[in-house]
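Hi everyone, thanks for coming. Please have a look at the structure on the screen, and then I'll walk you through it.

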Amino acid sequence: MAGRPLSPHLSIWKWGPHMLVSILHRVTGDGLALVGLAMLVWWLGALAGGPDAYADFIAVATSPIGYIVLVGLSWAFFTHMMSGLRHFVLDIGAGYELRTNKMWSIASPILAILLTAAFWAVILLR
């Protein structure tokens with residue numbers, strides 16, 4: 001038994017930025033599916049419910065907690081999108097060089113933060 005190879009797991013693999021991006025991709029996908037869908041259904045229900053229901057939705061969405069949820073959803077969207085674009089490039093066979101892969105693994109979440117900040121700057125400064 002001592003000569004058998006060990007299965008790869010976190011105690012064997014060296015932690016790298018590509019692992020963080022992969023985990024973020026899964027977490028943001030789940031967050032968008034759960035929280036994003038709930039917000040979309042609530043918004044559509046408020047639209048169908050009339051002016052009072054829509055006013056209630058807007059009051060909650062523009063509260064501090066509502067802004068935290070909406071900023072979080074937009075960050076999750078941009079993080080998931082940037083990671084998805086990175087995976088698309090990998091799927092076509094490019095970007096597997098170690099330096100390139102590491103650079104895009106680091107750039108992906110940074111670009112997502114910058115895109116989220118730009119998105120909210122446009123919304124709030126309009």
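**A walk through the model**

Buried means under 20% relative accessible area, exposed means over 50%, and partly exposed is in between, using a 1.4 Å probe and protein chains only.

A word on where this comes from: this is a predicted model, in which local features need pLDDT of at least 70 and side-chain atom pairs count only at pLDDT 80 or more, while totals for chains, interfaces and linings use all residues. Residues are numbered from 1 along each chain as its sequence is written, and side-chain values use heavy atoms, with hydrogens and water left out.

Back to S105, which sits in helix α4. Helices here are DSSP runs of H or I with at least four residues, strands are runs of E with at least two, and both are numbered from the N terminus. What does S105 touch? Setting aside neighbours within four places in sequence, S105 is in contact with P17, H18, V21 and R86, where contact means heavy atoms within 4.5 Å. With R86 there is also a side-chain to side-chain polar contact of 3.1 Å. A polar contact is a pair of N or O atoms within 3.5 Å; within protein, one must be able to donate a hydrogen and the other to accept it, and residues adjacent in sequence count only if both atoms are side-chain atoms.

Now let's zoom out. Along the principal axes, the C-alpha atoms fill a box of roughly 70 × 35 × 25 Å. Of the 126 residues, 24% count as buried.

One of the buried residues is A76, at 7% relative accessibility, and its place is in helix α3. Beyond its neighbours within four places, A76 is in contact with T28 and L32. For a contrast, Y96 lies in the loop between α3 and α4 and is exposed, at 51%. Its side chain reaches the backbone oxygen of L90 at 3.2 Å.

Finally, the pockets. On a 1 Å grid over the protein atoms alone, a pocket is an open set of points with protein on both sides within 12 Å along at least five of seven lines, and lining residues have an atom within 4 Å of a point.

The largest pocket is lined by 15 residues, with M39, L70, L73, F119 and W120 nearest its centre. Which elements give two or more residues to that lining? They are α1 (17–49), α2 (51–61), α3 (64–91) and α4 (98–125). The lining has twelve nonpolar, three polar and no charged residues. Here Ala, Val, Leu, Ile, Met, Phe, Trp, Tyr, Cys and Pro count as nonpolar, Asp, Glu, Lys and Arg as charged, and the others, Gly among them, as polar.

The second largest pocket is lined by K14, W15, G16, P17, H18, L98, N101 and K102. Its lining has three nonpolar, three polar and two charged residues.

How values were computed. 1 Å grid on protein atoms, 1.4 Å probe; cavity = no way out; pocket = protein on both sides within 12 Å on 5 of 7 lines; lining within 4 Å.
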